[in-house]
Amino acid sequence: MKRLYAFLPILCLLLASCSSTLNFFGFGGKDEKPQEPTIVLVDSGIYDANGGLTLSTTAVPRKLGTTFGMRFRTLKPEGGSSKVKIITASPGIIDPAKNAVVFNTESTVDVATGKEYNCTFTFEKEWEMASGDWTLTAVAEDGSSVKKTFQVYNPQQ
């Protein structure tokens with residue numbers, strides 16, 4: 001009888017660990033379907049004034065009038081619309097109106113499911129043209145996102 005009492009806790013531990021061990025080796029777990037993305041990247045690079053992609057690249061010359069970024073589309077909710085947060089992260093630009101260095105800007109846009117949207121930045125003023133990494137991110141309501149980083153460089157160097 002004493003042997004049974006000594007063996008019982010070991011048997012309980014062994015049985016408890018069997019299900020997690022089987023799952024670890026790929027046996028006995030539930031097969032979960034990978035979740036379909038809510039937001040997808042369509043294309044990215046440098047765009048013309050009409051929004052057409054002229055060059056698929058991550059290297060962007062620091063030049064007035066240059067528009068760069070990405071185009072995205074939301075896939076959910078079907079037949080509906082949602083809000084997407086657009087985040088532009090720069091190496092730091094000095095906004096003369098604020099007299100401060102700005103690293104990030106955020107805005108929220110309403111998007112129709114299935115339609116393509118531009119997430120771009122255009123160098124319109126001299127003070128905006130900061131060399132370095134610029135990251136553009138579009139974040140869907142469920143937290144899924146698409147992101148693209150561009151290296152802005154001085155073409156005269």
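Trainee: Which residue meets the side chain of K83 in a salt bridge of 2.7 Å, N to O?

Mentor: A salt bridge requires a side-chain nitrogen of Lys or Arg within 4 Å of a carboxyl oxygen of Asp or Glu. At 2.7 Å, N to O, the partner of K83 is D110.

Trainee: How many residues apart in sequence are the parts that K83 and D110 tie together?

Mentor: This is a predicted model, in which local features need pLDDT of at least 70 and side-chain atom pairs pLDDT 80 or more, whereas totals for chains, interfaces and linings use all residues. Residues are numbered from 1 along each chain as its sequence is written, and side-chain values use heavy atoms, without hydrogens and water. Strands are DSSP runs (E, at least two residues), numbered from the N terminus. Because K83 lies in strand β5 (residues 81-95) and D110 in strand β6 (residues 100-112), the pair ties together parts separated in sequence by 27 residues.

Trainee: Is D110 buried or exposed?

Mentor: Buried means under 20% relative accessible area, exposed over 50%, and partly exposed in between (1.4 Å probe, protein chains only). K83, at 41%, is partly exposed. D110 has a relative accessibility of 54%, so it counts as exposed.

Trainee: Which residue forms a salt bridge with D43?

Mentor: The closest N and O atoms of this pair are 3.1 Å apart, and the partner of D43 is R71. The pair links distant parts of the chain, with D43 in strand β1 and its partner in strand β4 (residues 67-74), 28 residues apart. D43 is buried, with a relative accessible area of 18%. Buried as well, at 12%, is R71.

Trainee: In what order do the 4 strands of the open sheet stand?

Mentor: Two strands pair if DSSP finds at least two bridges between them. The pairing in this sheet is antiparallel, and the order is β2-β1-β4-β7.

Trainee: With which residues is N154 in contact, leaving aside its neighbours within four places in sequence?

Mentor: N154 lies in the segment after β9 (145-153). With a relative accessible area of 18%, N154 is buried. Contact means heavy atoms within 4.5 Å. Once neighbours within four places in sequence are left aside, N154 is in contact with R62 and S131.
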